Amino acid sequence: MNSFVHKTLVVELQAGDTERFPVLAHLSYDPSDPFAVTVVFTLDGRVLARWQLDREMVTDGLTRPVGIGDVRLRPQARGVGRELRMEFLGEARADGGRHHAVVFAWAEAVGGFLTETHRVVPPGCEEVRVDDFLADVFAGS
C-alpha cells in the first residue's frame with residue numbers, strides 16, 4: 001500500500017527586510033521516499049520555491065533548533081501559539097550575500113501532518129531499497 005500524505009497550509013513568508021505575508025505551503029509525503037518531506041511554496045498559483053526536507057529534522061524542529069546548512073528550523077512562541085520557524089538560504093546574490101527567506105508555520109498543523117506520515121511509515125521503520133537506488137544511479141536517472 002502506497003499512502004501519500006498531503007496537506008496545504010497558509011504560512012507567513014518573510015523575505016529580506018519585508019513584513020510577513022501569507023503564502024501557501026503544500027506539504028507532501030511519499031512512502032517510497034520515507035525520509036523526505038517535500039514543501040512547495042506558492043503565491044497566486046506561482047511556485048516560489050520547492051524544498052525537500054528530512055522528515056526527522058522537521059519533527060525535531062518542532063521542539064528544538066536544528067540545521068546548520070541551508071535549512072534551519074526551530075520552535076518559536078508567538079502570542080499564545082507556537083510556530084515552526086523555517087529559515088532557508090538560497091543562491092548567491094550579486095553583492096556576495098545569499099538569498100534568504102524565513103517561513104513561519106503554525107506548529108500544530110505541521111505536527112498534525114507529521115503524525116499522519118508516522119501512521120503511514122512509523123519512525124524507525126523506513127525501508128531503503130538500495131538495489132533500486134543503485135540501478136537508477138547506474139542507469140543515469
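**Reading a predicted model by its cut-offs**

Modeller: Thr115 has its place in helix H2, where helices (H or I, at least four residues) and strands (E, at least two) are DSSP runs numbered from the N terminus. This is a predicted model, in which local features need pLDDT of at least 70, side-chain atom pairs count only at pLDDT 80 or more, and totals for chains, interfaces and linings use all residues. Residues are numbered from 1 along each chain as its sequence is written, and side-chain values use heavy atoms, with hydrogens and water left out.

Biologist: Happy to start there. Why is Thr115 called partly exposed?

Modeller: Buried means under 20% relative accessible area, exposed means over 50%, and partly exposed is in between (1.4 Å probe, protein chains only). Thr115 has a relative accessible area of 36%, so Thr115 is partly exposed.

Biologist: What makes Arg20 and Glu12 a salt bridge?

Modeller: A salt bridge is a side-chain nitrogen of Lys or Arg within 4 Å of a carboxyl oxygen of Asp or Glu. The closest N and O atoms of Arg20 and Glu12 are 2.8 Å apart, so the pair meets that cut-off. Side chains of opposite charge can pair when their charged atoms come close. Both partners are partly exposed, Arg20 at 23% and Glu12 at 26%.

Biologist: Which other partner does Arg20 have, and what does that pair tie together?

Modeller: Arg20 also forms a salt bridge with Glu83, with the closest N and O atoms 3.0 Å apart. Arg20 lies in the loop between S1 and S2 and Glu83 in strand S6, so the pair ties together parts that are 63 residues apart in sequence. With a relative accessible area of 9%, Glu83 is buried.

Biologist: Why do Arg85 and Glu87 count as buried?

Modeller: Arg85 has 16% relative accessibility, so Arg85 counts as buried. Glu87 has 16% relative accessibility too, so Glu87 counts as buried. Their side chains meet in a salt bridge at 3.3 Å, N to O. Elsewhere, salt bridges with shared partners join Glu12, Arg20, Arg78 and Glu83 into one network. The structure holds seven salt bridges.

Biologist: How do you know that Phe138 is exposed?

Modeller: Phe138 reaches 71% relative accessibility, and therefore counts as exposed. Phe138 is found in helix H3 (residues 130-139).

Biologist: What makes Leu134, Val137 and Phe138 a nonpolar patch?

Modeller: Patches are made of residues with over 30% relative accessible area and no salt bridge, with like charges joined within 9 Å and nonpolar side chains (Val, Leu, Ile, Met, Phe, Trp, Tyr) within 5 Å. Leu134, Val137 and Phe138 form such a patch on the surface, with about 320 Å² of accessible area together. Accessible areas come from the Shrake-Rupley method with a 1.4 Å probe, and for residues only the protein chains shown count as cover.

Biologist: Now to the inside. What makes a space a cavity or a pocket?

Modeller: On a 1 Å grid over the protein atoms alone, a cavity is a set of points where a 1.4 Å probe fits but cannot get out; a pocket is an open set with protein on both sides within 12 Å along at least five of seven lines, and lining residues have an atom within 4 Å of a point. Grid points are joined across faces, edges and corners, and a volume is the space filled by probe spheres set on the points.

Biologist: What is the volume of the largest cavity, and which residues are closest to its centre?

Modeller: The largest cavity has a volume of about 80 Å³. Of its 14 lining residues, Leu27, Val39, Leu84, Met86 and Val110 are the closest to the centre. S3 gives the largest share of that lining, three residues.

Biologist: How do the residues of that cavity lining divide by class?

Modeller: The lining of the largest cavity has 14 nonpolar, no polar and no charged residues. Here Ala, Val, Leu, Ile, Met, Phe, Trp, Tyr, Cys and Pro count as nonpolar, Asp, Glu, Lys and Arg as charged, and the others, Gly among them, as polar. The lining of the largest pocket has 13 nonpolar, three polar and two charged residues.
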